[in-house]
Amino acid sequence: MARTKSISKNSNLSKYLAYTFLIVLCVIWAVPLLFGITTSFRSQTEVVSVGFRMLPVDWVVENYIATLENTSTAPIMQWLFNSIFIATIHATLVVVMVSITAYGYTRLKFKGRDFLFFTLLGISLFPGVVNLIPSYKIIDVLGWVNTPWAMIFPGLAGMGNLFLVRQFMVGIPKELDECAKIDGAGDWTIFYKIILPLVRPVLIVVFLFSFTGSWNDFLWPVIVYTDVERMPVTAGLLLLQDIYGNYRMIGQLMSSAILAIIPTLLLFLFAQKYFIQSMNLNAGIKG
Amino acid sequence: MREKLISLLVLVFLVSLTLSGCGGSSSNGGSGGKTDEKTITFWTPLTGDDGAYMDEMVKAYNATNPKFKVKHVVTSDMYTKIFTVMNSGKGIPDLAIIHADRVPGFVDKDMLEPLTDIMSAQPSINADNYIPQAWNAGTVNGTQYTVPLDIHSNAMYYNKDLLEQYGVSNFLDDNVITFDEMLSLKGKLKKGDYVVNDALISWVILAQIQNLGGDIKDANENPTVNTPEMKQAIEEIKKISDAGLMTPYGEDGYLMFQSGHVLFSTDGTWTSTAHAQVKGLNFGVTNIYSFDPAVFHNRASSHMFAMLKNDARSDEKEKGIADFLEWVRNNSIKWAEAGQIVASKVVFDSPEYQKYIQSFFTSSEAETNSLYIYTYKYYPEVQEALDTYSADMVHGKLDIDKGLKQAQKFVDDKIKEDTSGKSKK
Amino acid sequence: MKKFNLKPAIFIGPHLIFFIVFGLLPSLYGIYASFTQWDLVSDPVWVGLDNYKTILFDKDSTFSYQFYNGLKNTFVFVVASVPFLIIIPLLVAAALENKGVKLKGLFQAILYVPGLISASAAALIWGLIFNAQLGFTSNVFGMDIPWAANQPYAWIIILILTIWGGIGGNLIIYRASISGIDKSLYEAAEIDGANKFQKFINVTLPSIRFPLLYTFVMTTAGCFNVFVQPLMMTRGGPNQSTTVLMMYIRDLAFTSGSSIAGMASAMAVLLGIVILIISIFQYVLMMRNSN
């Protein structure tokens, strides 16, 4: 009797601890976020004169109107569309390629397999500052300047997502493969029917990460695009600085920053649902 | 068999995807390599609202149905982009706007095309029709490389209401605020109010160098940062900070001016439009503070039209560029809306221009002469050194002698690495 | 079996090709550039090991100062931020695994969304919060600290900005990995009388060691590359005490005067070597611990 009581007391205590921790953290995290959102509804006058107030004294929509109206020099809707196009294709390609490649590095045996993988990883850790120029030259040779392909393809070389998926695949027991092999399955079948479903949560994460990664890249698009209308949104937002690189119209910056995260936010909320579903599906498979 | 088939399919899929990208002219627009023969590609670093004004001017020009239309591309990080395309040799714009302090460096690296053909095609584009410093900033060894669009200067805004409140509106009588006048307010300000901020402090220092009769180079064209004039300038400004009259280190002085707590803000001519958006801020513009009302300078730079060396640009197109530049000379009143000091004489002499706040800087010969553009080849390095060290020195975080030594070394070391003349492309 | 096995080539081939073209080639050029003087416009001029000699051994050189100061500040930043960026999301993921907790999605979303906001907007928000006149800390808490002007406050505001936006990614990874842990392992531990804490240390952590290693290595490497947060919050001050190495590198390469890209590349290569050594160290440490 005493044992069950202490177990349930234990779990109640831990539940309350968890809740407290989460709530405190989320309050700290949410306050600046809300402040950013409400600032987007403030006029510059209010931003500079009123001390910290969560809610604006005067709610104004002029920041949003100014941002959306500016279709010649700052066409934010066009930028959002470009970003969505680029990021979606990029993320899809990444998921396809990374899952296949990670399978190759974990399930197939060949000489120098791990050495090759970690060498590539090591090379990718080098900060590439002046890589901009040779990268541009390569893009130029391929004829991709000023096209979305310059944004979509180079990122496929990335090692980060590959490393992540590899780490998950390494953790999948080899016995599952053995069972399938005994049934006569070849590598593609094992990959498609066994491994892929098990890494689905991670692949959703990879999609999310590569989508947002592509979305948030700002220096490369500036170099690669010469047409303002073709730029993705994060690079486009740089055009809102004044000529000496400062953001002066604070409310307007906030409104454009918020408009810029709406697609990625929606993707995250959607992915979250799907992601939680997949995790529940996986829960029964081990053992 | 099934395995091999799937492998093949995947390979074909990936290869065809890549090839479709290589095709270049995809549904999302053509490749960037081909430039329209009838279009002048025009790159500017005019981000923000300024870009919108330039856009309007370009639109107005294109509406006159010229032989060569202009395509305006605003870009952040324009110089990185320029270096990238100059290095690759392709995709170089036909026309660009660059800053005055880039001119000597670019000429040294053989990046700019002289404008002699443009000037013969349109004879009104000459030294007489522009503010002298702006025109001269584009002259290197007797050859003209640029045509100025504007001068954008360090400018000091003042808060009319605060000046009245503290009874010092008379400071503006001679249009020059002096160090002594500012120091006289020591101990007289309410808590939270300040006399001046430290916006663009390096530009302010550079103006003081001129006020003190110094320079940033010696007779042999070597950069001189660690000079008595530099030391004096920084010490004097530090006095203002020590007296508690300057906005504190790390605070955004620009925002504090907008919030009505600072009497003077030393920012730039281009920010007048932003200040105007703050309701309740009654402001005016005057010169940067100085030691003596008779000797004052405002450190300025200039947006200049320049042609990067580009083999793909035809002579015909260059004539089209000349036409555009001449049009701008006559019609750049639009640019005044951005708060900039328009360089074209016919514009800044016009009565319409006088209603803009920055016309202050062309309101008299003394004013026009106060606009000082540094044309020294290593100016960018000197300014970078000041940007790195001066704030710390002014606010007492770094000993001035030590700081100036480091700043001098900073510039000297950078110049040693300059490869101009060592290798030609 | 001397037959060349095509299968691995098909699986890892496409990625390898992309890597060679878009990853290796530019990096090799970057390494080549480190042995030259280069202003980005004209051709690089070969100078051999001069850049490295200057950076590492010339005590008077500005570049040497920049390298060592930048490296020192970078280390401070990494050591200060990585623990938070790993431990906080780990604890959150563990808390969210607790069956009794509702609204998991909401908690997760609130902690993840700040990472989606552009770095400059985020820096502006936090800049306003810490603003002496208009900010939260002075008006609500009455703090009179000039944040950006003094240490350790300058580092504190940079860290807060970084952690605010930085835990989302690791949180998702930990949730994905913790959710996949076999429940029977927990049951076995309970039978042995383990409490929640012991279960966490002895079951959860070892079970997610591979993803944990991933986040440890990648977060650290990522922090070595950071430059936006210090740039926007403190501009590298006071007195260059928050200028991280990446800031110096970018300044040298993309400056307003003549670009000093060769020196910048040399610094980048050195930084890369440091990151590599630390990553290898981390990997060995974690793989050894898991046994």
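Visitor: Which residue follows helix 10 of chain B, and is its phi positive or negative?

Guide: Helix 10 of chain B is followed by B:Gly244, and the phi of B:Gly244 is positive, near 75°. Please keep in mind that this is a predicted model, in which local features need pLDDT of at least 70 and side-chain atom pairs count only at pLDDT 80 or more, while totals for chains, interfaces and linings use all residues. Residues are numbered from 1 along each chain as its sequence is written, and chains are lettered from A, with ligands numbered from 1, in the order in which they are written. As for the word itself, helices (H or I, at least four residues) and strands (E, at least two) are DSSP runs, numbered from the N terminus.

Visitor: What makes the reach of helix 10 of chain B close to the expected one?

Guide: The helix, residues 228–242, has 15 residues and reaches 20 Å from its first C-alpha to its last.

Visitor: Why is A:Val130 called buried?

Guide: A:Val130 has 28 C-beta neighbours inside 10 Å, so it meets the limit and counts as buried. Its place is the loop between helix 5 and helix 6 of chain A. Leaving aside neighbours within four places in sequence, A:Val130 is in contact with C:Gly30, C:Ala33, C:Ala253, C:Ala261, C:Ala264 and C:Ser265, a contact being two residues whose C-beta atoms, placed from the backbone, lie within 7 Å.

Visitor: And why is A:Ile182 called exposed?

Guide: A:Ile182 has 8 C-beta neighbours inside 10 Å, and therefore counts as exposed. This residue belongs to helix 9 (residues 174–182) of chain A. From A:Ala74 it is 108 residues apart in sequence and 60 Å apart in space, C-alpha to C-alpha. Of the 287 residues of chain A, 53% count as buried, and the chain has 13 helices and zero strands.

Visitor: How many residues does each side bring to the contact between chain A and chain C?

Guide: Chain A gives 77 residues and chain C gives 81. Helix 1 of chain A gives the most to its side, with 15 residues. By class, that side has 54 nonpolar, 20 polar and three charged residues, where Ala, Val, Leu, Ile, Met, Phe, Trp, Tyr, Cys and Pro count as nonpolar, Asp, Glu, Lys and Arg as charged, and the others, Gly among them, as polar.

Visitor: How many residues join chain C to chain B?

Guide: In that contact, 31 residues of chain C meet 39 residues of chain B. Helix 1 (6–33) and helix 3 (62–97) of chain C are the elements that give two or more residues to the side of chain C. Chain C itself has 13 helices and two strands, and buried residues make up 52% of its 291 residues.

Visitor: What makes the largest nonpolar core a core, and how many residues has it?

Guide: A nonpolar core is a set of buried Ala, Val, Leu, Ile, Met, Phe, Trp, Tyr and Cys residues joined through C-beta atoms within 7 Å, and the largest such set has 300 residues. Those with the most contacts inside it are A:Val165, A:Val206, B:Val196, C:Ile249, C:Ala264 and C:Met267. Helix 10 of chain A supplies the largest share of this core, 16 residues. Leaving aside neighbours within four places in sequence, C:Ile249 is in contact with A:Val129, C:Ala264, C:Met267 and C:Ala268.

Conventions. The expected span of a helix is 1.5 Å times one less than its number of residues. A residue is buried if 20 or more other C-beta atoms lie within 10 Å of its own, exposed if 12 or fewer, and partly exposed in between; C-beta atoms are placed from the backbone.
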